[in-house]
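Me: Hey, can you walk me through this one? I'd like to start with where the two chains meet.

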Amino acid sequence: MINIIECTHISKSFGGVQALKDITIDVHQGEILALIGENGAGKSTLAKILAGVHQASSGTVFYKGKEVSFKNTQEARAAGISIVLQEFSLIPHLSIAENIFLANDAMYKSRFWQNRQLMEKETWKLFEKSGIDFNLSPDMKISDLSVAEQQYVEIVKSFAWDSELMILDEPTSALSKGEVDELFKLVHSLKDQGITVIFVSHKLDEIFELSDRIVVFRDGEYITELMTQESNEKELIAAMVGRDLGNLYHIRQRKEFSDDVVLDVNALTNGMSGNPYTFSLHRGEIIGFSGLVGAGRTELARAVFGVDYPKEGSVMICGENTFRKPIKCAISHGCAMLPEDRKLHGVILDQSILHNISLSALANSKEFFVNPSKEQREAEGLVEDLSIKIESLYHPVSSLSGGNQQKVALAKWLNIKPDVLILDEPTRGIDIGAKFEIYQLIDDLASKGTAIFLVSSELPEILALSDRIFVMQHGDIVKEYHHSEATENNIMYYSTLGRTEAQ
Amino acid sequence: MKSEYRVEIMMLIAFLLMCLILTILTPRFLSVGNIRNLFWQATTVGIIAIGQCLIILTAGIDLSVGGIAAISAMLGGLVMLNTTLPLGLIMIVLTGTFFGFLNGFLISYARLAPFIVTLGTLSITQSLTYIVTDGSSLIGLPAGYKFFGSFKILNIPLYTIILISLFVIGHIMLKRTKLGRFIYAIGSNEEAARLAGVSVRFYKMIAYAITGFLCSIAVIILTSRLGAIDPDTGSGIELDTIAAVVIGGSSMSGGKGSLVGTFIGVFFITVLHNGLNLIGISPFWQGTAVGSVIIISVLLDRVLRRNQA
């Protein structure tokens, strides 16, 4: 077994923060290696050092037996190592072919203008080499492509550089289940061609499906490595978190919920709906909305909350009609919503934790003046209740980890004591320890009477928390399940293929 | 330095440095007469800069302040000459506030870009000002009008008390009320604020309306002391107000800044103009000086904020 990469005593610090401590690992040629760990564990940092994005503070990296130290990604790429990051480096108005050959002098050298035909011909060759057909053509503009297709283009770019080692950093965070399967096929095809793949992720089910070997990071340190075939999820979680988290499915207490209807949606239609939506949510109940990306779940949530106005129908929150009324109206009647994109819409990153937590309560109150001591007391109480790890209420939210940022967003809404809480992908991009804490919080809220409208693409999450599950497909609610009847398989079936009469 | 007012403190130090240099260069700078002058010269820019600061905090901008001041004064002046002084004053305030609301409405509810809308309003108000009196100035204003520009309490001019009071009220409003909180939130992340339940459109509009109101107050004081209302009243004042706000540390992308900084910025600009005059530098250089200071302070702000993160 040849090692394509050997790292010895790699350490990295950013300012005062030590991201990696004394890492010594090998990467075997031709394997699919998974680097896993919670957010901040250091897995991404190591991957970036190998690809030339960062430089190690100390230690050595050997690539194909020779010591290397890449100053930038170009040097790494020229040597045969490329990386696909979470933020793509593609230019939206240019075509696929133009993006792939953007940095390639040969395409531009001999004339003043680009040699389009040559670029497109070469691009077709690269598509073939990838072994997967995404049904794309080299002249398509990047801005017209879906996230999954763009990611494919990023990977194909690496072929243009004849990469021997390809690193994928959290590649599936923006992909739907179907697209993830396509990506996995692509990764297997890479392996078949002798390319070594390093896969950075915190999604355990994908790791098990894809990798040959797993290396676990925690708090910047190497914890252990396992052969995928010989390990299991429980062992992996324990290694990642350092403690036993218990069973996901035992989180939900399943108390009896009341007959009180707090959210009543009747014959609601919006831009996405085929058939009108009709359902009721009771006090203390959790309804989980599952389906593929683009099924219309977020659009439905936004229609209920009043972010986008629906076309026809009615929305009653605690008995009051909020149909086509501004967000303020839904809030004043007891509804809250945590949006899908936490960083963009859920919190105001530059503002302090205190100001974020008090914002909705302030918007909902009739008083003109702020009461600083009351505000601080309430915020401190919520920080404690939700176990938010902060240094000071006056630090900006941007200084917190993803999980804690989400808790701040939740705290903002709990501050108005909502009767209905809409959660749109509440644990996306959050590491497993924080995820479990948020599940406990959700269960706690439901047990105390809050009704929850949960949108999630993570099936274990939906299955563990929901009392009823609605499966959406292409804008319609195609199936309703009681939690005892639902399985990952039948939810997946209705998300993609099956349709029954809508309610 | 971990203070919330880090940028403002730096600008204060720069300001004091400038005063020191000027004191050394010309003994007239610190004379009683000149200091009185400084406080007068800061008044019009200062009052309007309060509104400009609120607007810039929402990530907007108001280029029309000079025009609003002019049309308010001119219409109010006509009313004053043809009816009574109080009615004239009411007209000035109503006109200023009206144009402020107009800006606010177009920017908030019609969702047009602040730069474009206020550029349009500037043009319209300035031309209306000329039309209304066919280009001539209004003179022969009622004697009582002089009150605003000249009245003193304990030898302190009323207009200075008004200036400082407005800044204090504005500061309290920004830091201690809903309106202030929402202005910062809107400037920082408008969509997140909206999704949190803030009536974004309403509060943005209010910022422009307040500014229109402040323009009318400022122009009353200004024209009262001059004793006449010229059609080019307030011309060019938008640049000084924006400069004052930016020098005071507010970020053009919104959400960062304070009235404390704007206050320092107002005096910075005023001392700059005043100092250059005293030293005997040609008035044509004033523009270069102000422009350079704006660029330098924006650069400084970028450097300081980067280190803070």
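Me: Which side chains meet in a salt bridge there?
Reply: Those of A:E375 and B:R181, with 2.5 Å from N to O. Keep in mind that this is a predicted model.

Me: And how many salt bridges are there between chain A and chain B?
Reply: The count is one. There are also seven residue pairs in polar contact between chain A and chain B, with both residues at pLDDT 80 or more.

Me: Which elements of chain A give two or more residues to the side that touches chain B?
Reply: They are α11 (327-332), α12 (342-346), α13 (353-364), α14 (372-385) and α15 (402-414) of chain A. The one that gives the most is α13(A), with six residues.

Me: What sort of residues are on that side of chain A?
Reply: They divide into 16 nonpolar, seven polar and seven charged. The contact takes 30 residues from chain A and 23 residues from chain B.

Me: OK, and what area is buried between chain A and chain B?
Reply: About 2100 Å², and carbon and sulfur atoms give 59% of that.

Me: New topic: sheets. What's the strand order in the six-stranded one?
Reply: In chain A the order is β6-β7-β8-β3-β9-β10, an open sheet with mixed pairing.

Me: Why is one side of β6 and of β10 left without a neighbour in the sheet?
Reply: β6 (81-84) and β10 (221-227) of chain A stand at the edges and have a single partner strand each, so one side of each has no neighbour in the sheet. From one strand to the next, the twist averages 20 degrees.

Me: How does β6(A) join β7?
Reply: Through four bridges, and the two strands of chain A run parallel, with β7 covering residues 165-169. If you want a pair to look for, A:I81 has A:L165 in β7(A) as its bridge partner.

Me: Which helix packs on that sheet?
Reply: Look for α9 (residues 233-241) of chain A, which touches β3 (32-36), β9 (213-218) and β10 of chain A. The direction of α9 makes about 30 degrees with that of β9(A).

Me: What about the sheet of four strands, is the pairing parallel or antiparallel?
Reply: Antiparallel, in the order β2-β1-β4-β5 of chain A, and this sheet is open. Its edge strands are β2 (17-28) and β5 (66-68) of chain A, each pairing on one side only.

Me: How many bridges pair β1 and β4 of chain A?
Reply: Five, with β1 spanning residues 3-14 and β4 spanning residues 58-63. A:I5, for instance, has A:Y63 in β4(A) as its bridge partner.

Me: Where does helix α1 lie?
Reply: Across β1, β2 and β4 of chain A. Helix α1 (residues 43-51) of chain A runs at about 115 degrees to β1(A).

Conventions:
Residues are numbered from 1 along each chain as its sequence is written. Chains are lettered from A and ligands numbered from 1 in the order in which they are written. This is a predicted model: local features need pLDDT of at least 70, side-chain atom pairs count only at pLDDT 80 or more; totals for chains, interfaces and linings use all residues. Side-chain values use heavy atoms; hydrogens and water are left out. Contact means heavy atoms within 4.5 Å. Buried area is the accessible area (1.4 Å probe) that two parts lose on being put together, summed over both. A salt bridge is a side-chain nitrogen of Lys or Arg within 4 Å of a carboxyl oxygen of Asp or Glu. A polar contact is a pair of N or O atoms within 3.5 Å; within protein, one must be able to donate a hydrogen and the other to accept it, and residues adjacent in sequence count only if both atoms are side-chain atoms. Ala, Val, Leu, Ile, Met, Phe, Trp, Tyr, Cys and Pro count as nonpolar, Asp, Glu, Lys and Arg as charged, and the others, Gly among them, as polar. Two strands pair if DSSP finds at least two bridges between them. Axes are lines fitted to C-alpha atoms, for helices over the stretch in contact, and angles run from 0 to 180 degrees between N-to-C directions.
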